[in-house]
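Subject: Structure handover

Hello,

Here is the structure I said I would pass on to you.

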Amino acid sequence: MSIINWLLEPLSYAFMQRGLIAAVLVGVVCAVVGAYVVLRGMAFFGDALAHTILPGVALGYLVGGGARDSLFWWALGTAVIAALGIGAISKQAQVKEDTAIGVIFAGMFALGIALISTVRSYAVDLSHFLFGDVLGVSPQSLWLILIFGGIVLLVILAFYKEFLALSFDPILAATLRLPVGLLNNLLLALIAVTIAVSLQTVGVALMVAMLVTPAATASLLTRRLPSMMMIAAALAAGSGVIGLYVSYYLGIASGAAIVLTTTLFFLLAFLFAPHAGLLWKRRRS
Amino acid sequence: MYPHSRHLDDQPILDVQHLDVRYNGHFALENITFHLHAGERVAVVGPNGAGKSTLFKVVAGVLQPTGGEVAIYGSGPSGHVCIAYVPQRSQVDWSFPVSVADVVMMGRIAKLGLLGWPKKSDWEHVRRALRTVNMEDLAKRQISQLSGGQQQRMFIARALAQEAELMLMDEPLTGLDAPSQDNILSLLDELQRQKVTVMVATHDLEQAAQYFDRIMLLNRQLIGFGGPDEVLQPEKLLRAYGGRLHKTASGESLALDDSCCSGGEEHVHH
């Protein structure tokens, strides 16, 4: 079998085509938003938020009798409410922020599993929520990913300078009289929408990898935010494609294959990146 | 979206009246009253925890006071974008993926307005600000590759790009070598020529006396505010620094070392 055939064969399936488009779109959106998640040290928040939407998704699943297409809206609603809720709770001083997030996230996650487990033969659907089902993306879901992913990217672009200043120097943002509280909540909401958009591709349990790993890899390769976002997006999109081919030919779960590909890229950059890589530093010292 | 309050020229650039700041019932600042006129240069001195940073943050409108009033040209600080807070270098994430020009451009954000992108004139502002601090050739450099003095001058350039009329500098000289300190101090002269009002928090009383018109001696309360001869009096310094004040061998001048007592213990030298 020639290389061309090897590459084209999976594309003869419509579900593979949709899966590839979904993986690329989700990868790009996650990577761009993920740049801020990495720079602001919000990895744990992102992981927690992804897990916290499970009860909402489960409720939608029960209400809709297992129908998939409406789940996006349940995920979106739960994610936005949970993001703003976690944001508000973490401002209270009684408990440390990461402790508060940990308590809520584990509780909500358990609630989600409890809800889904009331359905007999729930295991398959649960595993799709947890680890994604990119090959099951319907044409309608693909449109939702495209529209909402596009909105996220547009907002990030429109408020580029505000988010940059807020992330680098919150006191500067305040002295420039930027609406700091509003912008912080907007960023939380963007992360929430990103998570809803990505739910079907990677699932809640692997979500944090899409948010953090490509952006972290890019941060080892560049020293400007715009190029960090672009490299992260390219890495994530590439990982989506490579991951799906690996999944197709080796029979590995698709979400796991995509995440493992991003992880491999990260390890390569961690070892070999010019200036920032481990080997470079070794050679220098 | 971004407010611009009008400046009343007959008002002082900064007027602070009976300012209180309390954290959990403890006074961080108590009954502070003073005012500054445009173009003044003031050193703010006092021991660690005296409330220097707190005062700056209240004046910048970043922190709400518990009581009292702060007015910039006659109105509250939250309507003004002419106040720049120059952060302590230790408070900054130097691995952040931005260049020197990126950071200086951040000072222009309020002028750009919502959804605005930098125009040619904004880049010209950035270039001019970098030229003033003598860093034009470092515009493209990533901020982690700067020396301490360059880091400090970059933030002064950002305040210039912001067109700040009041600059609050939090310990800009701390940890710099002597030539870098001289660079910053000569920049202060340039700022004065441009009629920028400057408040500088510092540990170095000798520098404060040598380079500043007026000295503000602070330890939660305002202990002294005036010319160096008037403020650096032994009894005032003792009130500010307590037992941490010690006389030099000659007995003539006073030496202070408030960084020696990080554990809170007091070193009394007789």
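Buried means under 20% relative accessible area, exposed means over 50%, and partly exposed is in between, with a 1.4 Å probe and protein chains only. By that scale Leu268(A) is partly exposed, because its relative accessible area is 41%.

Some conventions come before the rest. This is a predicted model, in which local features need pLDDT of at least 70 and side-chain atom pairs count only at pLDDT 80 or more, while totals for chains, interfaces and linings use all residues. Residues are numbered from 1 along each chain as its sequence is written, chains are lettered from A and ligands numbered from 1 in the order in which they are written, and side-chain values use heavy atoms, leaving out hydrogens and water.

Chain A

Leu268(A) sits in helix H13 of chain A (helices, H or I of at least four residues, and strands, E of at least two, are DSSP runs numbered from the N terminus). Leu268(A) also belongs to a nonpolar surface patch of about 620 Å², together with Leu264(A), Phe270(A), Leu271(A), Phe272(A), Leu278(A) and Leu279(A). Helix H13 (254-272) and helix H14 (278-284) of chain A each give two or more residues to this patch, and H13(A) supplies the largest share, 5 residues. A patch takes residues with over 30% relative accessible area and no salt bridge; like charges are joined within 9 Å, and nonpolar side chains (Val, Leu, Ile, Met, Phe, Trp, Tyr) within 5 Å. The areas come from the Shrake-Rupley method with a 1.4 Å probe, and for residues only the protein chains shown count as cover.

H13(A) also packs with helix H11 (residues 180-221) of chain A, at an angle of about 20° and with the axes 9 Å apart. Axes are lines fitted to C-alpha atoms, for helices over the stretch in contact, and angles run from 0 to 180 degrees between N-to-C directions. That angle makes H11(A) roughly parallel to H13(A) (under 35 degrees is roughly parallel, over 145 roughly antiparallel, 65 to 115 roughly perpendicular, and the rest oblique).

Salt bridges

Over all chains there are 10 salt bridges, each being a side-chain nitrogen of Lys or Arg within 4 Å of a carboxyl oxygen of Asp or Glu. Arg224(A) pairs with Asp102(B), with the closest N and O atoms 2.6 Å apart. Arg224(A) lies in the loop between H11 and helix H12 (225-250) of chain A and Asp102(B) in helix H2 (residues 100-106) of chain B, so this pair joins two chains. Arg224(A) is partly exposed at 36%, whereas Asp102(B) is buried at 13%.

Within chain B, Arg214(B) and Glu40(B) form another salt bridge, at 2.7 Å between the closest N and O atoms. This pair links distant parts of the chain, 174 residues apart: Arg214(B) is in strand S8, and Glu40(B) is in the loop between strand S2 (26-36) and strand S3 (41-45). Glu40(B) is buried at 15%, and Arg214(B) is partly exposed at 23%.

Other points in chain B

Which residues of H1(B) are buried? They are Lys52(B), Thr54(B), Leu55(B), Phe56(B), Val58(B) and Val59(B). With 6 of its 8 residues buried, helix H1 (residues 52-59) of chain B is largely enclosed by the rest of the structure.

Most residues other than glycine have a negative phi. Asn134(B) has a positive phi, near 65°, and is exposed at 62% relative accessibility.

Regards
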